[in-house]
Amino acid sequence: MKRFIQGQDRTQSTLLPELLDEYIAEENPVRVIDAFVDQLSLLELGFAGIDPAQTGRPSYHPAAMLKIYIYGYLNRIQSSRRLEAEANRNVELMWLVARFTPDFKAIARFRKENGPAIRKVCSQFIELCRRMDLFADSMVAIDGSKFKAVNNCDKNYTQAKIKTRMQEVEKNIQQYLDDLEAADVRSPKQSTPHQVRLTERIAMFQAQMKALEAVESEVQSSPDKQLSQTDPDARSMQHRGGGMVGYNVQAAVDTQHHLIVAHEVTTSGHDRTQLANVAKQAKEVLQKETLTVVADKGYYKGEEVVACVANGITPIMPKCLTSGNKAHGLFDKRHFVYDPKSNTYQCPAGEVLIERFRSLEKGRPHITYWSSHCKNCALKSSCTTSDQRRIKRWENEAVLDQMQSDLESMPNAMKIRRCTIEHTFGTLKHWMGATHFLMKTKSHVSTEMSLHILAYNMKRVMNIMGSVALMKAMAA
Ligand code: SF4
């Protein structure tokens with residue numbers, strides 16, 4: 001044993017017992033949590049139980065419960081049962097909450113009943129970062145990521161899923177009926193164990209069919225024709241070439257320090273309608289006059305771009321090409337150059353396409369252009385299969401043209417986007433583990449997400465400026 005580093009004898013007593021505080025170093029993150037929660041006005045934030053009831057058993061102070069949760073999410077311990085265990089054995093947590101040992105029900109109840117207030121705590125930390133000038137750049141990257149809900153795929157029904165499931169059950173019933181018929185021919189007088197088993201199977205599938213019919217009527221009555229039985233707000237979404245039941249979390253991350261400045265939990269399976277909403281939230285939080293937002297082409301939607309520009313936000317994202325012309329070996333719209341002065345397009349053959357008529361396409365005003373020289377054009381086979389090539393232009397397309405030129409003048413925009421936001425979601429998912437959310441319904445899931453994001457931002461700021469400096473800034 002002499003060749004190894006020796007530990008202390010467990011039975012050794014000391015004349016002056018060590019204080020719990022001595023176990024917690026000055027730069028320990030629990031001191032940051034303690035300082036952060038202590039400077040919050042929990043009453044203003046809306047936490048329940050700040051004024052204790054005059055009667056009954058005294059309750060735990062909301063500050064202590066909030067500290068437990070922030071500590072838990074910072075250390076990848078999100079479950080209330082595991083937090084209960086940690087409160088009993090973890091020296092840091094003992095120090096943080098003065099050796100309170102609430103049971104898991106009290107811990108879980110706090111998170112369930114104080115959702116809006118907890119979400120405001122997340123915003124308070126962002127506000128603190130803003131006051132510390134951590135958002136010097138007026139630029140954010142926006143992206144969305146799908147997070148699994150507490151809802152098995154088999155417990156989620158859409159019209160298509162129900163139809164497939166019913167067809168399977170019908171097929172099974174028919175199969176067993178055929179088998180039973182054959183068995184009846186072999187033994188017409190007596191019920192053999194095989195016949196009994198077949199009859200039971202048929203009854204089981206018939207019961208399944210009845211249950212599916214009941215689910216089908218629920219699906220039909222739901223607004224988006226979808227039903228999730230465990231978490232009613234979770235929705236079926238496309239994810240990495242497959243499907244999943246969950247939520248689409250949108251986030252705006254600042255490009256300087258990679259802090260999440262705004263987020264929103266949505267049930268939308270795509271990102272197309274999210275840009276303006278998240279960008280406006282980010283601009284409000286950062287309190288900037290102008291804001292540049294980089295996003296991927298999944299966000300490309302004219303109305304969203306126009307809404308951003310109207311609010312002083314400059315969106316930058318690549319165009320989403322939906323036309324099939326390129327696939328068919330024909331010129332696409334990028335080959336036609338618009339001249340705003342003359343309100344005409346110039347085609348690859350150098351001909352001028354003039355305005356012909358105005359129309360509404362899916363409620364959006366469009367102008368249609370074409371040239372009178374297509375018939376005899378040498379490039380016609382590469383341009384159109386019709387009599388003439390028509391180009392449609394949305395009324396607000398100048399905004400999209402401007403965005404394209406902004407993108408071209410900033411060639412590293414997509415690299416900045418990728419480096420800013422993709423690892424953020426990756427880190428969050430890594431911390432959350434295989435089962436992403438523990439709570440059900442969108443409002444509770446939003447609370448959970450806020451805790452994750454608060455923990456992420458807190459850890460990030462501690463890495464950027466150090467725990468001691470962060471505590472000093474809080475006290476200032
Ligand atoms: S077909 Fe018409 S639009 Fe196309 S290149 Fe020729 S003239 Fe231009």
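1. With 16 C-beta neighbours inside 10 Å, Gln 195 counts as partly exposed, and this residue is found in helix α9, which covers residues 193-221. The coordinates discussed here and below belong to a predicted model. Leaving aside residues up to four places away in sequence, Gln 195 touches Leu 180, Ala 183 and Ser 187.

2. Ala 182 sits in helix α8, residues 159-186, and its 10 C-beta neighbours inside 10 Å make it count as exposed. Between Ala 182 and Gln 195 there are 13 residues of sequence separation and a C-alpha to C-alpha distance of 9.7 Å. A separation of another kind is found for Gln 195 and Arg 417, which are 222 residues apart in sequence and 65 Å apart in space, again from C-alpha to C-alpha.

3. On the overall fold, the protein chain contains 15 helices and 13 strands. Its radius of gyration is 31 Å, well over the 23 Å that the globule rule gives for 476 residues, so the chain is more spread out than a compact globule. The C-alpha trace spans about 105 × 90 × 60 Å along its principal axes, and buried residues make up 31% of the 476 residues. Among the contacts with a separation of 6 or more, 66% are accounted for by residues 24 or more positions apart.

4. The domain assignment divides the protein chain into domain 1 (20-113), domain 2 (137-149 + 233-318 + 407-449), domain 3 (153-228) and domain 4 (333-400). How far apart do the C-alpha centres of domain 1 and domain 4 lie? The distance between these two centres is 64 Å.

5. The largest nonpolar core has 86 residues, of which Val 261 and Ala 279 touch the most other members. Helix α14, residues 442-465, gives the most to this core, with 9 residues. Why does this core lie between domain 1 and domain 2? Domain 1 (20-113) and domain 2 (137-149 + 233-318 + 407-449) both give residues to the core, so it lies between them.

6. Val 261 deserves a separate entry. Not counting residues up to four places away in sequence, Val 261 touches Ile 126, Phe 135, Val 140, Ala 252, Val 253, Asp 254, Ala 282, Val 285 and Leu 286.

7. Is Tyr 69, with its 26 C-beta neighbours inside 10 Å, buried or exposed? Tyr 69 counts as buried, because the cut-off for that class is 20 or more other C-beta atoms within 10 Å. The residue has its place in helix α3, residues 62-74, and touches Arg 111 and Leu 451 when residues up to four places away in sequence are not counted. Tyr 69 and Ile 118, for their part, are 49 residues apart in sequence, with 9.8 Å between their C-alpha atoms.

Methods:
Residues numbered from 1 in each chain as written. Predicted model: local features only at pLDDT ≥ 70, side-chain atom pairs only at ≥ 80, totals over all residues. Helix = DSSP H or I, 4+ residues; strand = E, 2+ residues; numbered from the N terminus. Rg over C-alpha atoms; globule rule 2.2 N^0.38 Å. Buried ≥ 20, exposed ≤ 12 C-beta atoms within 10 Å, placed from the backbone. Contact = placed C-beta atoms within 7 Å. Domains from an automatic or database assignment. Core = buried A, V, L, I, M, F, W, Y, C linked by C-beta atoms within 7 Å.
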